[in-house]
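These are my notebook entries on a single structure. I record what I looked up, entry by entry.

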Amino acid sequence: MTEVPRGSRVLLATGDDALRSRAGALLADAFGGDGVVTVDTVDDAVAAEGVDCLIVSIDLFDGALARLAQATAPPVVVLLPPESGYATDEVFEAGVADVVPVDGSNRFARLGERVASVVTWQQRRPAAVSRITEELKERAMDEAPVGITIADFSLPDRPLVYVNRAFCETTGYSVSEALGRNCRYLQGPDTDPESVAELRRAVDAGESTSVELLNYRRDGTEFWNRVDIAPIENAAGEVTHYVGFQTDITARVRAEEAAERYAAEADRERGRLQRLLDNIEGVLEDVTGVLVRAESRSALEQGVCERVAAAPSYACAWVGDCDLSPDTVVPKVWAGDDADVVDGLVIDRDDAADPVARAVSTRTPEEATDADGGFHAGVTLPFEGLVAVPLLHRDTLYGVLVVYTDETVEDHELVVLGTLGRAIGAAIDAFESRRTLLTESVVELRVVVDDPDVPLVRLAAATDCSLTSEGVVVRDDGTILLFVSATPPTADLAAVADTGIDDVRRVGDDVDAGLFEVALPPQSLLALVAEAGGRLTDLSVDSQERSLTLTVTVADRSTGRALLDDLEGVSSSVRVARIRERDAPPATHRGFVARVEDDLTEKQRTALQLAHVGGFFEWPHGISGDELADAMGVSRSTFHQHLRAAEKKLVSRFHRGDPSSI
């Protein structure tokens, strides 16, 4: 609170009772109840005597405020309600000492202090002014927080004749180093010539000006300096000196530059994102159209490649079929510039350095950048970027979409392409499901097991022979009866005991026939084929290569994938040698065979299979009934009962006329 001179009295003039009450209370806090006089007319305010200040409401004057301020000896403080229509500057121009807005802010709450300050200054001004000595002025200049300089224009080159402490701290020059020189020594190679020219123009014209300069400190470091200069004239009106004020604005300029860089970067980023959005939206729209209109899986995959490769950001695209091959990924369809370079490309699925192999393994989109195009081992491609997108639907991997580009792939672009991959996977799944329901096609797999520990491979290796399947019977308990011919036929397979084989016996007494019955347990590879609903159409064992080759037909690719997974669970050396889809035949044959097998008992199936592979239906018989009975471990009459029952059921099913068996 400003100390009020003892005995001070003020007069409050307002016609508003509410304002009189509020303002009177605030003034009483500063001057005491006896120090405040209130009136409600202009005439009373003008006629008042013995008061040190008039506090009047603007609504009393009606344009006569200037006359009042000039006609009264005590200073005038005006109360300015917001609805008065007067601006603060307009009221000050009338010559009043202060203007206090009437509102709910701290400005009106401090009315008593502001009036006390006016009264105190009015009474003590002469004494206060007399204490402003030349020494005090110089000390003020020396201690000012901004640099202050004075240049003498009566001397050659207009040298500095005064610098304060802040100037020395800002520039790094001492007083002795700064004086006697023109202040251009603060300039350097990157100082803006136009700003320097503006300073020179103002000096030559004897005017004030303000510029911002890149200056240099004594140690050579840069700083931004706001220079304000003003001329000082003598009594004759001649410019004798120039005073300058230097303010270090480096922090502000750096902040502005950073803001400009950020804004420019933000503009570039917005433009880049917009271009990316336009590109991605175009790809999504085009590919979605393909997914809707395609009439087959092959047409869908080809259309996707063409639409993706046609996008401005992409150069080439291909789709690889990896759902049935555990070892490699091979392009099946492709499109785009230089697309033929991927013809013959084979990607090892175990190559962790290959982004395509990683995408198949992790089932997430992968991207890579290589200026030399070395994405795949031993291959150089004319592209700098790659994105590999798995084609997924739920837990099923139908393939991989590989896109080559010459631009950087953004993270959000990778997310969009991943979503696109799932949409393509769902469309492929729909085609596969529809094909399974509406066609009788099958998938034929040729599977090679390069594993010397497989029981059949051990059996062939122990007897140094090769084996070829002649037929197979699946027993009700899950065991398998496999009939094989051995080469050479003299190989004695029955003499070999193997933990993975339940039993081996020669069929018939003809050693030259080389026909054997091999009983396999439920955990064997062939049992897995049966459990998957597959049909073994060929089997061979090579004792030299220590490998087993199976040719299996399954209902669809989904069943084939499940079978391969099961086989890999038994042996780690399973690979697919061939995949072939057959759209025509075995559907009716499969239906017929399945129904016949449902009719036959296990003994009847075994008797029929033994008679067939042993040559019993040929003439002369390749094997006798007694020999077949011995192979089954039953009497001759029992064998013939089983055989006759099987033949009757087979012929009956053939002639029944069941449409599903035709």
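I take helices (H or I, at least four residues) and strands (E, at least two) as DSSP runs, numbered from the N terminus. On that basis I place Arg139 in helix 7 (residues 134–143).

I note that this is a predicted model, in which local features need pLDDT of at least 70 and side-chain atom pairs count only at pLDDT 80 or more, while totals for chains, interfaces and linings use all residues. Residues are numbered from 1 along each chain as its sequence is written, and side-chain values use heavy atoms, with hydrogens and water left out.

**Entry: Arg139.** I looked up its accessibility, with buried meaning under 20% relative accessible area, exposed over 50%, and partly exposed in between (1.4 Å probe, protein chains only). Arg139 has a relative accessible area of 54% and is therefore exposed. Its C-alpha atom is separated by 9.3 Å from that of Asn164, 25 residues apart along the chain.

**Entry: helix 6.** The buried residues of helix 6 include Leu111, Val115 and Val119.

**Entry: strand 21.** I checked strand 21 (residues 515–520) and found six of its six residues buried. Leu515, Glu517 and Ala519 point one way, and Phe516, Val518 and Leu520 the other. In a regular strand the side chains alternate between the two faces of the sheet. Strands pair if DSSP finds at least two bridges between them. Strand 19 (residues 480–487) runs antiparallel to strand 21 and is joined to it by six bridges; Leu482 has Val518 as its bridge partner. Strand 20 (residues 503–506), also antiparallel to strand 21, is joined to it by four bridges, and Arg505 stands opposite Glu517.

**Entry: a charge over a ring.** I require NZ of Lys or CZ of Arg within 6 Å of the ring centre and within 35 degrees of the ring normal. Arg181 lies over the face of Tyr185, at 4.1 Å from the ring centre.
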